[in-house]
Each structure stands twice: as structure tokens, then as C-alpha cells.
Amino acid sequence: MPALSLRLREAIAASHAAIEATPLAMAMQTGTLSRAGYTPLLQQTWRLHAGTEPACHHAARAFAPLRALCT
């Protein structure tokens with residue numbers, strides 16, 4: 001059985017590809033995203049991490065294979 005990280009990567013591959021094809025991601029990749037366009041993305045990303053990281057660390061304490069993903 002492949003490692004958990006590989007299984008997760010495979011499971012989200014289609015979604016990841018779709019996200020990379022969005023206009024926002026394309027602007028980031030080409031370096032054309034303005035500061036005004038980047039600021040809301042940064043705020044949303046901070047909120048996402050603030051909400052999910054504590055849960056990830058909690059789960060990692062109970063499930064050893066997740067520990068490598070939450071370091």
C-alpha cells in the first residue's frame with residue numbers, strides 16, 4: 001500500500017489541477033497577480049490554516065501516519 005502522503009496526493013490530483021487552471025492561480029504562476037488581488041487570498045489562506053491546523057495536530061496525536069503531514 002502506498003504511503004499516506006502518496007494516497008492523499010492521488011486523491012486530490014484532479015482538484016489540484018483544476019485549481020491551478022483558475023485565473024487566480026495562473027496570475028500567481030506568471031507573476032501578474034497584483035497586491036490588491038493577493039491580499040484577499042492571503043487573508044482567506046490564513047483563516048483556513050488557523051481553522052485546520054489545530055485539528056490536524058490533534059488528529060496526529062491519535063493517528064501516527066498523520067504526524068509527518070502536520071510538522
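Accessible areas are computed by the Shrake-Rupley method with a 1.4 Å probe, and for residues only the protein chains shown count as cover. On that basis the chain exposes about 5,800 Å², of which carbon and sulfur atoms supply 65%. This is a predicted model, in which local features need pLDDT of at least 70, side-chain atom pairs count only at pLDDT 80 or more, and totals for chains, interfaces and linings use all residues. Residues are numbered from 1 along each chain as its sequence is written, and side-chain values use heavy atoms, leaving out hydrogens and water.

The chain contains three helices and zero strands, where helices (H or I, at least four residues) and strands (E, at least two) are DSSP runs numbered from the N terminus.

| Property of the chain | Value |
|---|---|
| Radius of gyration | 15 Å |
| Box of the C-alpha atoms along the principal axes | roughly 40 × 25 × 15 Å |

The radius of gyration is taken over C-alpha atoms, and the globule rule is 2.2 Å times the number of residues to the power 0.38.

Helix H3 (35-62) has 28 residues that should span 40 Å at 1.5 Å a residue, which agrees with its end C-alpha atoms being 40 Å apart; the expected span is 1.5 Å times one less than the number of residues. Leu 42 has its place in helix H3 and counts as partly exposed because its relative accessibility is 45%, given that buried means under 20% relative accessible area, exposed over 50%, and partly exposed in between (1.4 Å probe, protein chains only).
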